[in-house]
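Q: I have a model open in the viewer. Please show me how to read it, one feature at a time.

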Amino acid sequence: MRIQPRILILAIVLLIAFVVGQWFFFKSRFEAALPALEAQAARLGFDIQYETRTIKGFPFRLEAHYTRVRVARTDPLLSFAVEADQAVLLRQLLSTDLSLLYVDSPKVAAAMASPLPQGRTGELTFAFEAPAMQTSIRIADGALARFSAVIDQPRGQSKLFALGDFTAKQLQFHLGWPIEGRRAPDGQAAERLQTNVQFTQLTLPNRDTEPLPASLEAGEIGLGITIPSYMPLTPQGLRMWQSQTGKVDVRKLTGQWGDVTLDSGMGSFTLDGEGKVKGTLTANIKGLAALTYALDKTGALGPQVEEAALMTLRLLRTGKKAEDAVALPFDIDKGIVRLGPAPLVALGPVIPPEESQR
């Protein structure tokens, strides 16, 4: 059967009209939903500012293009800000997933109000710039079900874990959490927050790490967090979480640093009545001799804890071959991190002291 040219042309015109009409229909709905989305973010404590917003993406995507963007959250526990000259909010026509792409070297700064390890006080800070950063959000049943961030080639400075200056090839952060969840009904399991943080080629340029290389080739930590009820990320929310026996389980802990391999780690943590971390962790490490030598050479542990810690590491290696994995037992009680009997570092309360006493 031969199709008449006029019928073929008419079919093509109708298809084009359908595609154009569909895009403009979804564009109007997308544009109308953006103020509500921003208002919802504001209710969750996010401050969103921008200079201009335009809708593009014809014919298969919806793109909200922002200029001079700033997304921030200020809180007694955790504050952060992301700034970029441009950002694009993406959505496929038939999907509810959203992706936010920051371009032109976004700047990120975060601070946690908690005393630092090793007796120093102040904020735990983390700040960097990156050529590109992309975040994605999945909405399910009207609630945020997943959040992911992929950051390429960050370069910055951090007091978190006393890292100092750092560069990395990539950082990834993945979070799955029913943010709008409710208290679990009687007889049902509490909600679980699943997180994964990964890095590749993490380098500390101003640190003497010999004989180990200056870069950690790769690392990953995965956590499972029990949430007995909806918990806002505030001091009050953490106090609620602690009072309802909230718990953090280490699901995955791996890393590679030259001849040192962290091939697994398992543990669990909670907060005590003073808002300090309490729990245990066992980390299986191959290449412990190289790690012990590097710690001894660089003095990274500090003079007050170095002797006892190095002695513990040597005792744990006794009778082991160089290629054997050695289990390192860590215990945290009243904010003191110990390797076996050797105290390593004192952590401040996760909940600010004035809040933990209320």
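**Reading the chain, from whole to residue**

A: Start with burial across the chain. Of its 358 residues, 38% count as buried. Keep in mind that this is a predicted model.

Q: How many helices and strands does the chain have?
A: The secondary structure comes to 5 helices and 20 strands.

Q: What share of the contacts with a separation of 6 or more joins residues 24 or more positions apart?
A: That share is 55%.

Q: Where should I look for nonpolar side chains?
A: In soluble globular proteins, nonpolar side chains tend to be buried together. Here, the largest nonpolar core has 33 residues. Phe 269, Ile 285, Leu 288, Leu 291, Leu 313 and Leu 328 touch the most other members. A second, separate core has 29 residues, including Leu 62, Ala 130, Ile 151 and Leu 171.

Q: Which residues does Ile 285 touch, not counting those up to four places away in sequence?
A: Ile 285 touches Val 260, Thr 261, Leu 262, Leu 291, Asp 324, Ala 325, Val 326 and Leu 328.

Q: Is Phe 30 buried or exposed?
A: Compare the relative accessible area with the cut-off: under 20% means buried. Phe 30 has 5%, so it is buried. Its place is in helix α1, residues 5-43.

Q: Which residues is Phe 30 in contact with, leaving aside neighbours within four places in sequence?
A: Phe 30 is in contact with Ile 55, Leu 62, Glu 63, Ala 64, Leu 89, Arg 91 and Leu 98. Take Ala 64, 34 residues apart from Phe 30 along the chain. The C-alpha atoms of the two are separated by 8.9 Å.

Q: Where is Thr 195, and what surrounds it?
A: Thr 195 is in strand β13, residues 191-203. Its relative accessibility is 8%, so Thr 195 counts as buried. Not counting residues up to four places away in sequence, Thr 195 touches His 174, Leu 175, Ile 221, Gly 222, Leu 223 and Arg 251.

Q: Which residues make the nonpolar surface patch of about 190 Å²?
A: Phe 173, Val 197 and Ile 221 make that patch. Phe 173 lies in strand β12, residues 170-176.

Conventions:
Residues numbered from 1 in each chain as written. Predicted model: local features only at pLDDT ≥ 70, side-chain atom pairs only at ≥ 80, totals over all residues. Heavy atoms only, no water. Helix = DSSP H or I, 4+ residues; strand = E, 2+ residues; numbered from the N terminus. Buried < 20%, exposed > 50% of the residue type's maximum accessible area, 1.4 Å probe, protein only. Contact = heavy atoms within 4.5 Å. Core = buried A, V, L, I, M, F, W, Y, C linked by side-chain atoms within 4.5 Å. Patch = residues over 30% accessible without salt bridge, like charges linked within 9 Å, V, L, I, M, F, W, Y side chains within 5 Å. Areas by Shrake-Rupley, 256 points an atom, 1.4 Å probe, with all protein chains shown as cover. Salt bridge = Lys/Arg side-chain N within 4 Å of Asp/Glu carboxyl O.
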